Amino acid sequence: MRIIVAALVSILVFSLPALAQTAIGFGGVAHDASQPVEVTSDSLSVDQATGNAIFSGNVIVIQGDLRMAAGEVSVFYAEQGGAQQVNEVVATGGVLLTRGDDAAEGDRAEYSVGSGAMVLIGDVLVTQGRTAIAGDRLSIDLTTGNGTVEGRVRTVLQPAE
């Protein structure tokens, strides 16, 4: 019995540095949503009644150190304080999100501008240095950089060097 307990304690002690690598912080510092947004794409269509816009084909969106690439990005507006403001951004078609050395990819991204919440859905893969975490859904608070991966999460824990 003592051998089993000693083995379990050894496993826990030696795996603690590896467990620390599973934290999902994205970008390390708060995202500055007040910076201008640059969008490039192959085409743009705008609904004149709502002001909503659809960027299609090789879309790249850059705001400060946050970069998103996708096949299509839809921008939805809402009236706030008597003016039209960007409310939500939805990207589809092989979405890649990068910030600093961190990267995340998925089938679809939904960004709520007011709350700073980004959700990647479908075949999500997050890479941070040597650590890769896969799952079905990634939720990121771009204000804090904190994130959560859900839905059959898979990763390999690397021992400390």
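Trainee: Before we start, when do two strands count as a pair?
Mentor: Two strands pair if DSSP finds at least two bridges between them. Keep in mind that this is a predicted model.

Trainee: What do β2 and β3 form, then?
Mentor: They make a hairpin, with six residues between the strands. In the turn you'll find Gly-51, and its phi is positive, about 85 degrees.

Trainee: Switching topic: where is Gln-128?
Mentor: Look in strand β7, which covers residues 117-128.

Trainee: Is Gln-128 buried or exposed?
Mentor: Gln-128 is buried, because its relative accessible area is 15% and the cut-off for buried is under 20%.

Trainee: Which side chain does Gln-128 have a polar contact with?
Mentor: That of Asp-102, at 3.4 Å.

Trainee: How about pockets: how much space lies in the largest one?
Mentor: About 380 Å³. The lining has 16 residues, and the closest to the centre are Val-37, Val-61, Val-86, Val-89 and Tyr-111.

Trainee: Which elements give two or more residues to that lining?
Mentor: Those are β3, β4 (66-80) and β5 (83-99). The largest share, five residues, is from β4.

Trainee: How does the lining divide into nonpolar, polar and charged?
Mentor: There are 15 nonpolar residues, one polar and no charged.

How values were computed:
Residues are numbered from 1 along each chain as its sequence is written. This is a predicted model: local features need pLDDT of at least 70, side-chain atom pairs count only at pLDDT 80 or more; totals for chains, interfaces and linings use all residues. Side-chain values use heavy atoms; hydrogens and water are left out. Helices (H or I, at least four residues) and strands (E, at least two) are DSSP runs, numbered from the N terminus. Buried means under 20% relative accessible area, exposed over 50%, partly exposed in between (1.4 Å probe, protein chains only). A polar contact is a pair of N or O atoms within 3.5 Å; within protein, one must be able to donate a hydrogen and the other to accept it, and residues adjacent in sequence count only if both atoms are side-chain atoms. On a 1 Å grid over the protein atoms alone, a cavity is a set of points where a 1.4 Å probe fits but cannot get out, and a pocket is an open set with protein on both sides within 12 Å along at least five of seven lines; lining residues have an atom within 4 Å of a point. Grid points are joined across faces, edges and corners, and a volume is the space filled by probe spheres set on the points. Ala, Val, Leu, Ile, Met, Phe, Trp, Tyr, Cys and Pro count as nonpolar, Asp, Glu, Lys and Arg as charged, and the others, Gly among them, as polar.
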